[in-house]
Amino acid sequence: MKALIAKENADPEAPPSARLELADKERPAPGPGEVLVKIEAATCNPSDLHYLKGEYGVPPEWGAAAGFEGAGIVVESGGGFFAGRLKGKRVAVASAGGEGVWAEYLLASAKTCMPINKAVPPEQAATFIVNPFTAFGLLDRAVALGSQAVIVNAAASQVGRLVIRMAKPRAIDVIAIVRREEQRLALVAIGAEHVLLSTDSDFEKQLHAAAHEKKARVAFDCIAGPATAQLLTAMPTHSTVIVYGRLHRDPDDLYGGRYPVGHMIFAGDQIEGFWLSYDIKRLGLWRLLRRSKELQKMFRDGLIKTEIQSRSAIEDFPAAVDTYALNMSAGKAILEF
Ligand SMILES: NC(=O)c1ccc[n+]([C@@H]2O[C@H](COP(=O)([O-])OP(=O)(O)OC[C@H]3O[C@@H](n4cnc5c(N)ncnc54)[C@H](OP(=O)(O)O)[C@@H]3O)[C@@H](O)[C@H]2O)c1
């Protein structure tokens, strides 16, 4: 089978395609409790780019297929209750490292495959786990923290757009932050009511006013670095910033985070992390499947979807992943097998 394998590259400025290679690999055979998924479509997320640079929560495995997320049809079962029931079904899959999804076939534990209604097209199924479950989990956490308004930075990202779309029916106000005017217009077009431009000279003043007016005590921060402190400084006392990404690039900033100590001590503020891998474990199989049904209904009802910027055959991966890395707001790059 064809696979897009991870290749070590010491140059920090190398494009993502220079960290990948199309190779032939042996097609795996499923054992008990496992299935073989013929991958139809796979997506490229920021986590894939971090992984290929050795900057992710799991270390890269050079020579193994890369890719954390995709979708396909279960073509073989290795036996067992779950595995047998999945044969012929379209499933969304998320790998946790090791052999990834950017390959013609993926060997997966049946319990990690999420059956997807065939009405959901492959490219949407391929983006079904990482971002929709993250947006859902973040909003759930905001509600648990008692905030009916949230601040979201890098809000033109797919997670940001999903938060905006999912918050509306839950009557949660969203203050979205973007860094370009075209991103602001794109978010207004999907119904965002409060969108701030971080490049405005009085941005911090605007953020402070909006956070206090809406009583936004929770922020979803995927930029980190100086952004976390900026958020906490603008928010009311007793606020929480949930850091779930590190898009801010600063090679001199070893830990990637800065926080205002005084706010933590005197204003009752807190910072916490979110990683979907932990949230999935916390939910457990049945609650995960229930959430999947809820998200698929949102998709069928037209409430949520993922923007797609390109669909490319696997052989054309260099243009697909490099173009995505340069303009992530335009939507996901889908690799097809
Ligand atoms: N912790 C978790 O479990 C988890 C799960 C899912 C996603 N995430 C994280 O969530 C974030 C968004 O993911 P996604 O797939 O939704 O992203 P995406 O759709 O690929 O879009 C990325 C967005 O980030 C913006 N961006 C990049 N670098 C930035 C910076 N330094 N400052 C401000 N904006 C910046 C891009 O804007 P431009 O177009 O202007 O570059 C783009 O709008 C990523 O950090 C990802 O790692 C975390």
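Reader: Which helix gives the most to the shell around the ligand?

Author: This is a predicted model. In it, α1 (46–52), α4 (130–144) and α5 (158–167) each supply at least two residues of the shell around the ligand. The largest contribution, three residues, comes from α4.

Reader: Which residues come nearest to the ligand?

Author: There are 25 residues around the ligand. By class, the shell holds 13 nonpolar, ten polar and two charged residues. Those that come nearest are Ser 157, Gly 245, Leu 276, Met 328 and Ser 329.

Reader: From which domains does the shell around the ligand draw at least three residues each?

Author: The protein is divided into two stretches of assignment, one of them in two segments, 2–127 and 306–336. The other domain covers 131–273. The shell draws at least three residues from each of domain 1 and domain 2.

Reader: How many residues of domain 1 are in contact with domain 2?

Author: The centres of the two domains, taken over C-alpha atoms, are 29 Å apart. Contact here requires C-beta atoms within 7 Å. On the domain 2 side, seven residues take part, and the number from domain 1 is seven. By class, the domain 1 side that touches domain 2 has two nonpolar, three polar and two charged residues.

Reader: Which strands are the edges of the open six-stranded sheet?

Author: The sheet is open, with parallel pairing and the order β10-β9-β8-β11-β12-β13. An edge strand pairs on one side only, which applies to β10 (194–197) and β13 (270–273). From one strand to the next the twist averages 20°.

Reader: What angle does the direction of α7 make with that of β10?

Author: Helix α7 (residues 203–214) packs on the sheet and touches β8 (149–152), β9 and β10. Its direction makes an angle with that of β10 of about 160°.

Reader: Against which elements do the buried residues of α8 pack?

Author: Helix α8 spans residues 226–234, and its buried residues are Ala 227, Thr 228, Gln 230, Leu 231, Leu 232 and Ala 234. They pack against β8, α7, β11 (218–221), β12 (240–243), α9 (261–266) and β13.

Terms used
Residues are numbered from 1 along each chain as its sequence is written. This is a predicted model: local features need pLDDT of at least 70, side-chain atom pairs count only at pLDDT 80 or more; totals for chains, interfaces and linings use all residues. A residue is near a molecule or strand if its C-beta atom, placed from the backbone, lies within 6 Å of it. Helices (H or I, at least four residues) and strands (E, at least two) are DSSP runs, numbered from the N terminus. Ala, Val, Leu, Ile, Met, Phe, Trp, Tyr, Cys and Pro count as nonpolar, Asp, Glu, Lys and Arg as charged, and the others, Gly among them, as polar. Domain bounds come from an automatic or database domain assignment. Two strands pair if DSSP finds at least two bridges between them. Axes are lines fitted to C-alpha atoms, for helices over the stretch in contact, and angles run from 0 to 180 degrees between N-to-C directions. Two residues are in contact if their C-beta atoms, placed from the backbone, lie within 7 Å. A residue is buried if 20 or more other C-beta atoms lie within 10 Å of its own, exposed if 12 or fewer, and partly exposed in between; C-beta atoms are placed from the backbone.
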